[in-house]
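Thank you all for coming.

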Amino acid sequence: MRTPQEYLASILNGIAPLAATSLDLAEANGCVLAEDVHAMWALPSFANSAMDGYAVIASDVADASVSHPVALQVIEDIPAGSWPLLEVTSGTAARIMTGAPLPVGADGVVRVEHTDGAMPVVLVHSPSGGHIRSIGEDVQPGEQVLNQGQVLSARTIALAAAVGRSTVLAHPNPRVAVISTGSELVEPGQPLAAGQISDVNGVMLEISLRELGALVIRSSIVDDHADALRQALDDAAQQADLIITTGGVSMGAHDTVKEVLSSLGTVTFERVAMQPGMPQGCGHIGSPPTPIVTLPGNPVSALVSFEAFVRPVIRRLQGREDSKFSSGEVIAGAAFSSPKDKLQFVRARFSSGSALTATPIGAQGSHILGGLAQAECLLVVPAEVELVSVGDTLAFIDLRRESR
Ligand code: AMP
Ligand code: MG
């Protein structure tokens, strides 16, 4: 049996980043930039006012005070988006709004609060405080403002917009098809006939994928019939950059995923030395080949396998390199035993008051959904450890949405 780390390395071997493409700015959030972005113009691109007030010659108002205001003739009104026509000369001013271009001749702005706000003659009560944003004080024309390899965010995309871009060259987010297999499955909310259960994995994986920025293009339930599954896989392979299935990969008589995929493409199945999530499969189907990862059906196994294998695959497709599966280290808050020769993922909660200690919760069966909902993290217990003692240091995977 291979270790999860070995298995992950072999999956990632077959996965390359999606080819970079031109993305609209609003689509590019979270994507890896595949070019250097240079400014098409300076920021600011013209000298402008940082305040609502009056553009003046600073020396005209150097001695202005409340008791000795200086009167200036207001020659023009300059709102943002207009361009001044007149030159400010000694004894004159132009009313100016924040972001409006500074008129020729002016070398300072007096805030409106330091005047009587009047037109066509304004009384100025205080010297100019400057308040001029000068050309290029932020960014020079041609300056490299974003670097290839950077993960884009609202802030960095804002800068691309400011320097003239509407698109960027970036690795797109993968389109993923999720297929829940099992003749017992019905859509959540549907009444259950005898022997049926609600499909849990479909929505769980869809949300987990979306949290990583992936685009879930279809999520379907397919019963345990080879023809139905073959059809669903064919359709998915034509549309998706990655296919994820759940169920049907263990040792049962109706494990259709294993049956169908073993004769299709390059998919192989194996038992990985981990608990939960031992039965796994991966490979490619269709032409051009679409990667597929087949997860076990038990929801806890599916989630653990998602964290261990699918998350790194998504990151690789996105052109990101963080393919490790641990979020850091925590201290065990309780003693517990762990199976020999298997890496164990233990559902746990952080102890209150400290995010550094975590304690296993309740039953760890891979069908126990109540415990999964309560879990904040997965403790990762190495294969060789059979007994964890209070105070031991363990790697963990953070499951809390807010810390991802
Ligand atoms: P399997 O791997 O198909 O043998 O499934 C293992 C267990 O997980 C069985 O109890 C299934 O009913 C359950 N299971 C499989 N797929 C799902 C799903 N999408 N949602 C909830 N439970 C599932
Ligand atoms: Mg099944």
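Let me begin with a term: a polar contact here is a pair of N or O atoms within 3.5 Å, and within protein one of the two must be able to donate a hydrogen and the other to accept it, while residues adjacent in sequence count only if both atoms are side-chain atoms. In that sense, a nitrogen atom of ligand 1 lies 3.3 Å from a polar backbone atom of Gly297. Please keep in mind that this is a predicted model, in which local features need pLDDT of at least 70 and side-chain atom pairs count only at pLDDT 80 or more, whereas totals for chains, interfaces and linings use all residues. Residues are numbered from 1 along each chain as its sequence is written, chains are lettered from A and ligands numbered from 1 in the order in which they are written, and side-chain values use heavy atoms, with hydrogens and water left out.

Which other atoms approach the oxygen atoms of ligand 1? A polar side-chain atom of Glu184 is 2.5 Å from an oxygen atom of ligand 1, and a backbone N or O atom of Gly248 is 2.9 Å from an oxygen atom of the ligand. Taken alone, ligand 1 exposes 480 Å², of which the protein buries 76%, with areas computed by the Shrake-Rupley method and a 1.4 Å probe, and, for residues, with only the protein chains shown counting as cover.

There are 17 residues around ligand 1, and Glu184, Asp199, Val200, Gly248 and Asn298 come nearest; a residue is counted as near when one of its heavy atoms lies within 4 Å. Strand S12 (175-181) and strand S14 (197-198) each supply at least two residues of this shell, where strands are DSSP runs of E with at least two residues, numbered from the N terminus.

Staying with S12, is this strand enclosed or open? Six of its seven residues are buried, so S12 is largely enclosed by the rest of the structure, buried meaning under 20% relative accessible area with a 1.4 Å probe and protein chains only. S12 pairs with strand S15 (residues 215-222) in the parallel sense over seven bridges, pairing being called when DSSP finds at least two bridges between two strands, and Thr181 stands opposite Val222 in S15. S12 also pairs in the parallel sense with strand S16 (residues 242-246), over five bridges, and there Ile179 stands opposite Thr245.

Notes. Helix = DSSP H or I, 4+ residues; strand = E, 2+ residues; numbered from the N terminus. Buried < 20%, exposed > 50% of the residue type's maximum accessible area, 1.4 Å probe, protein only.
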